[in-house]
Amino acid sequence: MPLYPGEKCIPGKLLPLKVINHKNDCSLNDFRLYKAYKGVLGMNVKIEAWTGIKAAVPVILAYMPLGLAFGVLANEVGLTVSEATLMSALVFTGAGQYIAIGLLAAGGSAFTIIMANFLVNIRYLLFSASLVPHLKKIPTGLASVLMLGLTDETYAVAAVHLRENEATVPYLAGLNLSSYLSWVASTCLGAGIGHMIANTDQLGLNFALPAMYTILLILVISSRKHLAVAIIAVVLCLLIAFLFPSTLGNLSNIIAATLVAATAGVMIKR
Amino acid sequence: MKMELVWIIIGMALATGIPRFLPVAVLSRFEFPEVVKEWLSYVPPAVLAALVAVSILAPQGIVEITLANRYIWVFIPTLAVAVYTKSPFYTLVAGIALMALLNNLFV
């Protein structure tokens, strides 16, 4: 897409490098364009990708035991190693997969299994939408594909990172892909040789996720208003879970609490 | 590989993929009003707070606010480490080590 003189420059729009180098074409926005271009594809690829992979370490630590356990359970329910691995590779949703093998074992229909998965995953509509303002500088197709790697954990890590950093493809790919690969690999391992691996609770890994949520929550709270929103969300989600225990099955209590708490955050006087 | 299972897996892939893919694919072309952006900025703290609450106070899928819930006992020192160090690494090490200790002391 050549840029003719006088054409409006849109920061973040992907342009061929030679256009950016032609000062006359677009002098006012040159620097911003260059930054945007660099942010999408440029020389920081390695650093950004490593930042993403390093940020994924706690996620990976938490996924290993969960993936192993899923592999073992899937195996017990009658799935072969390749079937269990295929499910993790194409689906990548912890809770939904546990529900699926539970329903498979109980003889549930395909429709029930797929609907249950949809219900468990509705919250990602909200998670994905909340990242939209951060992803403006990434081509939409690429950004949408990157969102396929969203989980509670990668979302939390990314949301904290994006408060102070620009979203880049290598960062998001590094974070999401390494988490994804650990999930698929540990599923394969669990389905294959899982019965030989000792109880990972003894290693304390059952607290990996709660510990990660805790530090991310601390990092994301930057003002009293954020603190107020967080407290409202905690009280509401517990209240809903207490009154309607079934909401814990698909975490819809978290969605309901988030919708109300975020609205309260907007309405509280600054 | 059983064919019915493959179809179930494909259905699950769509059911989990569409809610993740669609919002960014559809909404990216719009510039959100400021108030919507502000609202969306409260989503991460609210979600994280709710996730902390659920993972500590309902670790087995039912609300369990009792002294026997060891997640609560490990959470308190872990929170202190998180607040003082602001470091994911130290927080994770502290939480996992304390939980390992409790899990091995009281089987």
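Visitor: Does Phe92(A) count as buried or exposed, and what is its relative accessibility?

Guide: Phe92(A) counts as buried, with a relative accessibility of 5% (buried is under 20% relative accessible area, exposed is over 50% and partly exposed is in between, with a 1.4 Å probe and protein chains only). A word on the ground rules: this is a predicted model, where local features need pLDDT of at least 70 and side-chain atom pairs need 80 or more, while totals for chains, interfaces and linings use all residues. Residues are numbered from 1 along each chain as written, chains are lettered from A and ligands numbered from 1 in the order written, and side-chain values use heavy atoms, without hydrogens or water.

Now to the neighbours. Phe92(A) pairs edge-to-face with Tyr63(A), at 6.3 Å centre to centre and 85° between the planes (rings of Phe, Tyr and Trp, the last by its six-membered ring, pair if their centres lie within 6.5 Å; under 30 degrees is stacked, over 60 edge-to-face, the rest tilted). Tyr63(A) comes from helix α4, residues 57-77, while Phe92(A) sits in the loop between α5 (81-91) and α6 (94-105), so this pair ties together parts of chain A that are 29 residues apart in sequence (a helix is a DSSP run of H or I, at least four residues, numbered from the N terminus).

Tyr180(A) belongs to helix α11, residues 169-193, so here the loop holding Phe92(A) is tied to a part of chain A 88 residues away in sequence. Tyr180(A) is partly exposed, though, at 23% relative accessible area.

Over all chains, the structure holds nine aromatic pairs.

Rings also turn up where a charge from the other chain is involved. Arg20(B) lies over the face of Tyr124(A), 3.7 Å from the ring centre, and Lys136(A) lies over the face of Phe32(B), at 5.8 Å (NZ of Lys or CZ of Arg must be within 6 Å of the ring centre and within 35 degrees of the ring normal).

Key: Helices (H or I, at least four residues) and strands (E, at least two) are DSSP runs, numbered from the N terminus.
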